[in-house]
Each structure stands twice: as structure tokens, then as C-alpha cells.
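Work through the exercises below with the sequence and the structure at hand. Each task is followed by a solution in steps.

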Protein chains: 2
Amino acid sequence: MVANTQIIFSKVPTGYPVIGEDITVKKTEFDLDAPLNDGEFIVKNLVLSVDPYMRGRMRDASVKSYSPPFDMNQPMTGHTMRLVIKSKSSLYPEQSYVYGLGAFEEYTKLNDQVAKAYGLVVRNDPKTNGIPLSNYVGVLGMPGMTAYAGLYKIGEIKKGETIYVSAASGAVGQLAGQIAKAQGLRVVGSAGSDEKVAHLKEIGFDGAFNYKTEDTDAKLTELCPNGIDVYFENVGGKMLEIVLTHLNTFGRIIACGMISQYNLTKAEKVGNLMNIVAKRIKFQGFIVSDYADLEPQFLADVTQMILDKKIKYRKDPEAFLDVLHGRNFGKQVVDVATP
Amino acid sequence: MVANTQIIFSKVPTGYPVIGEDITVKKTEFDLDAPLNDGEFIVKNLVLSVDPYMRGRMRDASVKSYSPPFDMNQPMTGHTMRLVIKSKSSLYPEQSYVYGLGAFEEYTKLNDQVAKAYGLVVRNDPKTNGIPLSNYVGVLGMPGMTAYAGLYKIGEIKKGETIYVSAASGAVGQLAGQIAKAQGLRVVGSAGSDEKVAHLKEIGFDGAFNYKTEDTDAKLTELCPNGIDVYFENVGGKMLEIVLTHLNTFGRIIACGMISQYNLTKAEKVGNLMNIVAKRIKFQGFIVSDYADLEPQFLADVTQMILDKKIKYRKDPEAFLDVLHGRNFGKQVVDVATP
Ligand SMILES: NC(=O)c1ccc[n+]([C@@H]2O[C@H](COP(=O)([O-])OP(=O)(O)OC[C@H]3O[C@@H](n4cnc5c(N)ncnc54)[C@H](OP(=O)(O)O)[C@@H]3O)[C@@H](O)[C@H]2O)c1
Ligand SMILES: NC(=O)c1ccc[n+]([C@@H]2O[C@H](COP(=O)([O-])OP(=O)(O)OC[C@H]3O[C@@H](n4cnc5c(N)ncnc54)[C@H](OP(=O)(O)O)[C@@H]3O)[C@@H](O)[C@H]2O)c1
């Protein structure tokens with residue numbers, strides 16, 4: 001028997017989730033020596049990904065949305081990198097890394113059927129390419145894929161255009177900006193601290209500002225003198241309202257998320273929407289899982305960009321809730337164990 | 001000399017334009033007998049089109065928007081059907097009908113160069129096909145083309161889907177609904193009087209309601225039991241906010257106009273925008289003039305539908321400002337003269 005700590009969804013939060021109430025830690029045990037049947041295997045969790053959409057899953061099961069609610073009193077689930085430590089499966093052999101959705105606990109017993117249903121894939125590249133494991137739930141995981149799909153499937157980005165990225169220092173934003181930069185766009189971003197803003201400039205953003213201390217409208221006028229062609233929308237609310245007045249004719253809004261709204265009990269209303277008609281704006285939402293086809297191309301492209309040092313990516317193994325308070329910087333991951 | 005009444009833009013309105021202040025009538029004279037140079041011709045205005053976007057042109061010349069401001073103290077301009085009554089032009093011969101933008105006055109002297117710059121086209125079909133002239137500024141003119149372009153260029157309409165059209169009894173809406181119906185969609189519309197609603201049902205809408213006396217949210221639930229796949233957006237504001245909650249995954253919003261906002265000094269803000277992300281909605285604006293290429297196909301298609309009696313189209317030669325107050329019903333035209 002080994003200790004198996006689990007992170008449990010225990011109550012539907014009002015506003016920001018509270019640790020010890022809405023999310024609780026449960027100590028359980030796991031029998032590493034129990035015999036396995038054919039097709040069964042045990043994974044050890046190495047890295048957990050903490051992402052904003054998880055707030056949406058912390059809801060009453062009767063409310064419909066694009067991703068299913070968490071099961072009450074069960075471990076939360078999210079993207080993970082895990083190591084197969086025992087296996088009677090030919091698909092997931094011992095010592096392979098496995099990427100995909102999983103329970104937030106130290107050890108999990110799985111079988112081929114369940115693993116396939118979750119779309120778990122063996123991803124052994126980090127064994128040889130030297131890229132840190134945590135990147136596989138960040139820049140090379142779901143958030144990276146989100147940036148990539150947004151830019152290429154919705155953004156219609158073109159060299160010479162200006163893109164503005166909100167929540168630019170987040171897991172999605174920092175990659176979106178750097179890919180756009182590599183494609184020859186002028187890239188402007190905003191973030192919520194001067195330290196984050198300095199980081200954005202370091203990783204190649206042409207302009208960046210602190211939306212908490214500076215005037216967004218004035219900064220966009222200054223930093224996007226030719227207007228905005230593409231807005232990578234992560235924030236929603238007042239930010240969107242201002243950006244609408246800076247968008248150019250035939251501009252695109254990549255509607256990726258509206259994080260400023262997730263913890264409000266009543267969402268804000270947004271003005272300036274007539275710009276969508278007058279400027280023929282395309283404002284289009286997407287969910288990364290719609291574009292699974294794009295994954296091989298994404299992995300090949302972005303892995304190469306990382307190896308070529310064209311992309312710098314910051315990740316922070318900080319506390320669980322920082323992500324929803326905006327205290328995180330870069331991709332929020334929880335390093336559970338080293339292989 | 002003949003009398004030549006002109007409709008003059010004389011002041012930038014606040015809220016609804018006021019006749020006698022913002023728009024004034026000027027009596028002038030026109031010399032029908034003055035000799036013409038080569039390439040010159042005289043047109044007599046037969047039908048003027050009154051359209052919502054004209055409100056946007058009644059602005060201070062310093063404000064930028066997609067269509068240019070009217071010239072102060074000059075005749076307003078808009079879509080017209082005119083008859084060439086004297087001509088020394090080979091492009092616009094005597095007795096031809098001419099469609100396109102023109103000054104709101106009884107007689108106008110033009111020349112080939114100016115006429116080409118305005119994109120004026122000879123459109124003699126009504127001489128032989130029996131379709132009323134007024135239709136050529138309505139169902140077969142700019143508003144009809146708007147409905148057509150919106151459905152085919154933005155809407156991605158598919159047989160079996162549900163489309164909801166707001167301001168459905170207007171010039172654009174009644175055609176949008178009928179084309180969608182002919183394409184095999186379930187068509188639901190709203191309008192601002194019971195008489196208009198009855199008319200929508202008569203012309204083939206599967207469902208229609210009076211948004212002024214009935215609860216929009218409840219009626220959409222009732223009339224669109226499978227949700228809304230395509231929203232033909234003419235109205236904006238509160239209507240849009242409600243429709244967002246009824247749209248299906250991968251829904252489209254054809255952002256044609258937001259007439260409820262044009263006469264407000266401060267535009268309303270709109271909630272429920274997170275639906276755009278979660279439901280992967282495409283909310284896209286367009287301006288009919290972007291799709292000039294589509295015009296021959298549109299004219300051929302819709303002329304045939306009219307001749308086949310697949311389309312019924314109501315037009316109302318009522319007073320000038322009714323259109324902005326919503327008092328108009330069908331396409332608002334001013335019949336100036338008979339040929
Ligand atoms: N459509 C999809 O499939 C998909 C997939 C993944 C993510 N997303 C969305 O993409 C967005 C970014 O995700 P991510 O993974 O990059 O997030 P992340 O790494 O967790 O970073 C989120 C950042 O958002 C900012 N933020 C938090 N609260 C905010 C508020 N009230 N107003 C403005 N900014 C706030 C914070 O930075 P500051 O200090 O700059 O405020 C925070 O660090 C989110 O909206 C998320 O829901 C969508
Ligand atoms: N994008 C483009 O290129 C383009 C081209 C042409 C037109 N448009 C737009 O398309 C829309 C319809 O134009 P149209 O030519 O069909 O207009 P229309 O024939 O003049 O009809 C307009 C109708 O809108 C309704 N309306 C007026 N004020 C309203 C309000 N405050 N709230 C809700 N409904 C209101 C009225 O009917 P009810 O009794 O039902 O309220 C009115 O009869 C407008 O928004 C216009 O700007 C866009």
C-alpha cells in the first residue's frame with residue numbers, strides 16, 4: 001500500500017472556489033502490488049495541468065455546457081502527463097509516458113478500453129528531445145494546441161497584420177503571440193502585472209502593457225497605430241468592448257475564452273457590437289477539441305519551434321487557485337512527482 | 001422649366017430625424033430643354049428607396065463609418081429606379097430604366113463618367129417581365145441582395161436547420177425568410193405588430209410572433225424547439241442577447257444590422273456573449289456592397305422565384321421617416337412618378 005492523495009470536487013463554488021470547501025484534499029491508499037489482468041496498467045501522475053475551463057466544470061450537474069461537469073465528491077480531472085509503472089497492456093507498455101485527461105490523484109489503475117475512451121496517447125518524445133515534461137501539458141499540450149487552432153482555424157492570420165492578445169502571459173496567450181510573431185505579424189499583448197509585461201517583451205512581443213495600471217484604449221491606440229486585424233480574445237467583458245473600437249475592417253476575433261467572466265455571478269454586458277456589422281468583423285468561437293485533426297501538425301511544428309529556440313515558454317508550479325485569481329504567470333502546472 | 005423638388009439633408013439629427021429640421025424639402029426648377037453635350041443624359045426619378053442605413057449617413061462629416069456621410073444642404077442620395085428621358089449617351093439611351101444610387105430629386109442631369117462612377121446600370125427587365133418597378137429597389141434591389149448575400153455568404157444555411165429572422169417583415173427580412181424556406185429550412189420571424197405577424201405566416205414563415213406584446217424568450221423556446229442554427233440579425237440589443245441563449249452549437253449569426261440601436265444616443269450593451277465561445281458560434285458582419293460579384297446570380301435566382309410566385313413581397317409607399325420608427329411594413333419606397 002502507498003499513499004494516494006486525491007483532489008476532490010466537493011461543493012459548487014459561488015465566485016472563486018475555496019480550498020477546503022469547494023475543493024478538498026483526500027488521503028486514500030493504493031495497492032501497487034495487486035495483480036493486473038490483461039489490458040490493465042497503473043500510471044503514476046507526474047504533471048497535472050490547471051486550466052481556466054475547469055472553473056466551468058465546477059457546476060451543478062443539471063447545467064449544460066460544452067465540457068461536462070465534474071462528478072461531485074470524486075477527484076477532479078484534467079490534462080496530465082503520467083508514467084506507466086506497471087502494465088499488462090500492449091498499448092500502454094511500462095515506462096511509457098501517457099498524455100491525456102486523467103484524475104487528479106497520485107496513482108490510477110486503468111485498462112485499454114477506458115484509456116482509449118479518454119483518448120490517452122503514448123508520448124515518449126520528452127525521453128529523447130530534452131523538452132521538460134511540464135511543457136507537454138502546456139505549450140505542447142491542450143493550451144498550446146488552443147493557441148495554434150485559434151490562429152490557424154479562426155484567425156486567418158497574415159504576415160504584416162497586427163494581432164492583439166489579451167491574457168497574453170497565460171498558457172495560451174504567450175504561445176499565440178510567439179507563433180504570430182514567427183508568422184510575421186506585429187504582436188501586442190496585455191497582462192496584469194509589470195513583471196508579466198516585461199516578460200512579454202522579452203519573448204518577442206512588439207508591444208505590451210499592464211491593463212490594470214494603464215489605460216487600455218490609449219495603449220491600444222499607441223501600440224497598434226494601424227489598428228488591430230486579429231484579436232485573440234481570452235478575457236471578454238470591458239476588454240472586448242474597447243478592442244471592438246480598434247479592430248480594422250474585415251478584422252477577426254478569435255473567441256477563445258472570456259476569463260474575466262468565469263467567477264462573476266452575473267456576466268458583464270458588452271457595448272460597441274455594431275462595429276461587427278460596420279467593419280464586417282468575424283467573431284468566432286471554438287473549442288480546441290473540435291480540431292483534433294490538427295494535433296500531429298501542431299506537435300511537429302511547435303516541437304521544432306521549441307528545439308529551434310523560437311519559442312520561450314514559462315510555466316509556474318504554483319498553488320491551485322492562482323490561475324483563477326490571475327496570480328499565475330505562464331502555464332500553471334502541478335508537478336506531482338519526478339519520473 | 002419644370003418644378004424639381006429636392007429632399008435636402010439640412011441638419012444632423014439627435015435621435016429620430018425631424019422633417020422640416022433635419023430633412024427639408026426644397027423647391028427648385030429644372031430646364032428640360034437645355035441642350036445636352038455628348039455623353040450627357042437626363043433621368044426622371046420614378047422610385048426612391050428609403051433604407052435604415054441612411055440614418056447612419058445623416059451624421060457629422062468628421063465621423064467615419066462604412067458609408068459616407070450625406071453632404072450638408074444637398075439632396076440626400078439613395079437607391080433609385082430612374083427613366084432616361086433625354087439622352088446623348090450611348091451607354092444610357094433614351095427610355096431605358098437605370099438602377100443605382102442617385103439624388104433624391106425629381107430630375108437629374110448626368111453624364112457617362114459620373115454614372116459609371118456611381119455604378120449605375122441599365123435594368124430594362126421590368127419592361128417585359130411585369131414585375132413592378134418598385135421591386136427593383138426592394139426585393140430585386142439592395143435589400144434583396146442583402147438578404148441573399150447574408151444567407152449564402154455568411155449563413156452557411158443547410159436544409160433542415162432552423163433560422164430565426166428579426167425585423168422579419170422589413171425589406172431584408174421578408175426575403176431572407178422566404179429564400180431560407182425555399183431552401184428547406186424551418187423559418188421563424190418576429191415583427192412589431194400583429195398585422196405584420198399575420199403577413200409573415202401568409203408568406204410561408206413556419207412561426208412568427210410580435211416581439212412587442214409577446215415574450216421573446218418564451219416564443220423562441222416554443223417556435224424553435226430544436227434551437228436556432230442561424231440567426232439573421234437585423235435588430236441588435238436585447239434581442240441579440242436573448243437569441244444567444246437559443247443558438248445551437250456551431251450556430252451562425254448573420255450580422256446584417258442592429259436597427260434598434262441607430263437612433264439611440266448611447267447604444268445598449270449585450271450580455272450572454274460567452275455563448276459564442278462555448279457554442280462555437282460564428283458572428284459575422286457584412287455589407288452588401290462587398291459581394292457585388294454575386295449580383296447577376298442573385299438577380300437571376302430571385303427574378304425567377306418571383307415569376308414562379310415562390311416569393312411574395314410587400315412594399316409600402318409611406319412617409320419618409322416611418323422606416324426609422326418601425327411604422328413601415330415591407331419595403332419602404334417613395335413612388336415619385338409613373339413612367
Ligand atoms: N476555447 C478553448 O478550447 C480553450 C482552451 C483553453 C483555454 N481557453 C481559454 O483561453 C483563455 C486563457 O487560458 P489559459 O490557459 O492561457 O489561462 P491561464 O494560463 O490560466 O492564464 C489565465 C490568465 O488570465 C488572466 N486573468 C485572470 N482573471 C482575469 C480577469 N478577471 N480579467 C482579465 N484577465 C484575467 C490572468 O493574467 P493577468 O495577470 O494578465 O490578468 C491569468 O494569468 C481562458 O479564457 C480560457 O478559458 C479556451
Ligand atoms: N449589412 C448590409 O449591407 C445591410 C443592407 C441593408 C440593410 N441592412 C440592415 O438590415 C436591417 C433591416 O433593414 P431593412 O431594409 O429590412 O429595414 P426596413 O425595411 O426599413 O424595416 C425595418 C424594420 O425594423 C424594425 N425596427 C425598427 N426599429 C426597431 C427597433 N428599435 N427594434 C426592433 N425592430 C425595429 C421595424 O419593424 P418592426 O415593426 O418589426 O419593429 C421596421 O419596419 C437593418 O438593420 C439595416 O440596417 C444591412
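**Exercise 1.** Determine how many salt bridges are counted between chain B and chain A, and examine one of them.

*Solution.* This is a predicted model. The count between the two chains is four salt bridges. One pair to examine is Glu241(A) and Lys269(B), whose side chains meet with 2.9 Å from N to O. A salt bridge requires the nitrogen of Lys or Arg to be within 4 Å of a carboxyl oxygen of Asp or Glu, so the pair qualifies.

**Exercise 2.** Describe the contact between chain B and chain A by residues and by buried area.

*Solution.* Next take the area. The size of an interface is often expressed as the accessible area lost when the parts come together. Here chain B and chain A bury about 2300 Å² between them, and 67% of this lies on carbon and sulfur atoms. Finally, look at the chain B side: Lys269(B), Val277(B) and Arg280(B) lose the most area to chain A, together 24% of what that side buries.

**Exercise 3.** Which strands stand at the edges of the 12-stranded sheet, and why is one side of each left without a neighbour?

*Solution.* Write down the strand order: 10(A)-9(A)-8(A)-11(A)-12(A)-13(A)-13(B)-12(B)-11(B)-8(B)-9(B)-10(B). The sheet is open, with mixed pairing. At its edges are strand 10 (207–210) of chain A and strand 10 (207–210) of chain B; each has a single partner strand, so one side of each lacks a neighbour in the sheet. On average, neighbouring strands are turned by 15° against each other, direction ignored.

Now take one pair from the order. Strand 8 (residues 162–165) and strand 9 (residues 186–191) of chain B pair in the parallel sense over four bridges. Within strand 9 of chain B, Val188(B) is the bridge partner of Tyr164(B).

**Exercise 4.** Find which strands helix 4 of chain B lies across.

*Solution.* Locate helix 4 at residues 142–154 of chain B. This helix lies across strand 8, strand 11 (228–233), strand 12 (247–255) and strand 13 (282–285) of chain B. Its direction is at about 145° to strand 12 of chain B.

**Exercise 5.** Characterise the crossing of helix 7 and helix 8 of chain A.

*Solution.* The axes of helix 7 (residues 216–223) and helix 8 (residues 237–246) of chain A come within 10 Å and cross at roughly 35°. The crossing is right-handed. Among the residues making the contact are Leu220(A) of helix 7 and Ile242(A) of helix 8. Sorted by class, the contact has four nonpolar, four polar and one charged residues.

Terms used. Residues are numbered from 1 along each chain as its sequence is written. Chains are lettered from A and ligands numbered from 1 in the order in which they are written. This is a predicted model: local features need pLDDT of at least 70, side-chain atom pairs count only at pLDDT 80 or more; totals for chains, interfaces and linings use all residues. Side-chain values use heavy atoms; hydrogens and water are left out. Two strands pair if DSSP finds at least two bridges between them. Helices (H or I, at least four residues) and strands (E, at least two) are DSSP runs, numbered from the N terminus. Axes are lines fitted to C-alpha atoms, for helices over the stretch in contact, and angles run from 0 to 180 degrees between N-to-C directions. Contact means heavy atoms within 4.5 Å. A crossing is left-handed if the near helix is turned anticlockwise from the far one by less than a right angle, and right-handed if clockwise. Ala, Val, Leu, Ile, Met, Phe, Trp, Tyr, Cys and Pro count as nonpolar, Asp, Glu, Lys and Arg as charged, and the others, Gly among them, as polar. Buried area is the accessible area (1.4 Å probe) that two parts lose on being put together, summed over both.
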